[in-house]
Amino acid sequence: MASDKELSDFLKSVDKRAFKRALYAVRDEDAALDIVQDTMIRLSEKYADRPPAELPLLFQRILTNATMDWFRRQKVRNAVVRNFSDFESPGSDAEFDILETLEALGGSLATESSADTASRAQILLSIEAEVARLPGRQREAFLLRYWEELDVAETAAAMGCSEGSVKTHCSRAVHALSTALKAKGISL
Amino acid sequence: MNQFNRPLSGFAPSAPTAPPSAALDAMQTRFALRIAAGLTERSLDLGADVNERLRFAREKALERARARRSAEATTPLGATLGGAALLGRFSSGWGMKLASVLPAFALIAGLLLIQRWQDNAQIAVAAEVDAALLSDDLPPNAYSDAGFAEFLKTPSE
């Protein structure tokens, strides 16, 4: 059973990344914060008695479900659901405009010409923009696998899909990011 | 030169000579981890408002966890299935399932018993009324009743 301190440390270790993950998906800061809070509460209420080692996977699974719930609620309310189909259908390449937000934060990405002239902050901004631009399932697989550092089986469990799908999504995401960043003159 | 400016040689979708699968996987992983490092760096700069909301969310979640633990601690041990499991009475999964079905069985059996008892009570009351009617004296004006006269004319079986 995870103690208070273990649970607190775990939540501290994942909250920022969880917020970003939710934000990439829903593109609304308040909604993303609500989703993260909902996820933390669900974890604490239902799984606080689990060993600390089980918490990361449970948390990611709950976060994925909470994000899906948010999309479902939006659909029910007939609100604007620009990327719901993107989130639901694997491999879809629906476009959306994250650039508006990022431009407000740090200037136009379109003006970046190469990694030599861009500042580190701009490069990070570009990376984030391209990650946000990925199709939902690809982004989900990529972030769980490489950012949350889950293995393929855990990522598949968190996403509710096969391990083969995870590998495919990750591979496509990496290629898409590589191509997009290269086009902006950023090589990693 | 920062880590994002170091070229990842050989990894490109249109590389003229494709590297072996394992090497490609390794390069892919390295590239992905650099991207992840960039995302981590970006995520550290969320702003005071967001950090405050996240802190509030964490505290709320911890409160719920504490409330749940204290609720579990105050529940009588034998009153829950979990308590029963701790006592070793229903330690297996089947035992737990059986334990959850037992109250339903007890309820059904109780209802059947009540129904049977009510049927018996009704039969007993009807028998008492019949016995009282049959053993009572026949009033004289009964013979003036056409229906009774007809009954008397009918041969008994």
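On the side of α1(A), the contact is made by A:Phe10, A:Val14, A:Ala18, A:Arg21, A:Ala22, A:Ala25 and A:Val26.

Read along the sequence, the pattern of chain A is accordingly written α-α-α-α-α-α-α-α-α. Of the 188 residues in chain A, 41% are buried. Among contacts in chain A between residues at least 6 apart in sequence, those joining residues at least 24 apart account for 58%.

Several loop residues of chain A were examined individually. A:Pro52 is placed in the loop between α2 and α3 of chain A. With 14 other C-beta atoms within 10 Å, A:Pro52 is partly exposed. Neighbours within four places in sequence left aside, the contacts of A:Pro52 are with A:Ala2, A:Glu6 and A:Phe10. A separation of 42 residues in sequence lies between A:Pro52 and A:Phe10, whereas their C-alpha atoms are 8.0 Å apart in space.

For A:Arg27, in the loop between α1 and α2 of chain A, phi is about 55°. A:Arg27 has 17 C-beta neighbours inside 10 Å and so counts as partly exposed. For A:Glu149, phi is about 60°; this residue is found in the loop between α7 and α8 of chain A, the latter helix covering residues 152-159. A:Glu149 has 12 C-beta neighbours inside 10 Å and counts as exposed.

Chain B has 5 helices and 0 strands, and from the N terminus on its elements run α-α-α-α-α. Buried residues make up 11% of the 157 residues in this chain. The mean pLDDT of chain B is 78, and 75% of its residues score at least 70. Among the elements of chain B, the highest mean pLDDT, 90, belongs to helix α4, residues 93-135, and the lowest, 50, to helix α3, residues 81-86. Over residues 1-16 of chain B the pLDDT is below 50, and this stretch has 29 contacts in the model beyond near neighbours in sequence. Where pLDDT is low, the predicted coordinates should not be read in detail. The model as a whole scores ipTM 0.71 and pTM 0.59.

The contact between the chains takes 39 residues from chain A and 35 residues from chain B. On the side of chain A that touches chain B, the elements giving two or more residues are α1 (4-26), α2 (29-47), α6 (120-133), α7 (136-147) and α9 (163-183). The largest share of that side, 10 residues, comes from α1(A). By class, the side of chain A that touches chain B has 21 nonpolar, 8 polar and 10 charged residues.

One packing of helices across the two chains involves α7(A) and helix α1 of chain B, residues 21-43. These helices pack at an angle of about 90°, with their axes 9 Å apart, which means that α7(A) is roughly perpendicular to α1(B). From α7(A), A:Phe142, A:Tyr146 and A:Trp147 take part, and they meet B:Ala32, B:Leu33, B:Ile35, B:Ala36 and B:Leu39 in α1(B). This contact has 8 nonpolar residues, with no polar and no charged residues.

How values were computed. Residues numbered from 1 in each chain as written. Chains lettered and ligands numbered in written order. Predicted model: local features only at pLDDT ≥ 70, side-chain atom pairs only at ≥ 80, totals over all residues. Contact = placed C-beta atoms within 7 Å. Helix = DSSP H or I, 4+ residues; strand = E, 2+ residues; numbered from the N terminus. Nonpolar A, V, L, I, M, F, W, Y, C, P; charged D, E, K, R; others polar. pLDDT = per-residue confidence, 0-100. Buried ≥ 20, exposed ≤ 12 C-beta atoms within 10 Å, placed from the backbone. Axes fitted to C-alpha atoms, helices over the stretch in contact; angles between N-to-C directions. Parallel < 35°, antiparallel > 145°, perpendicular 65-115°, else oblique.
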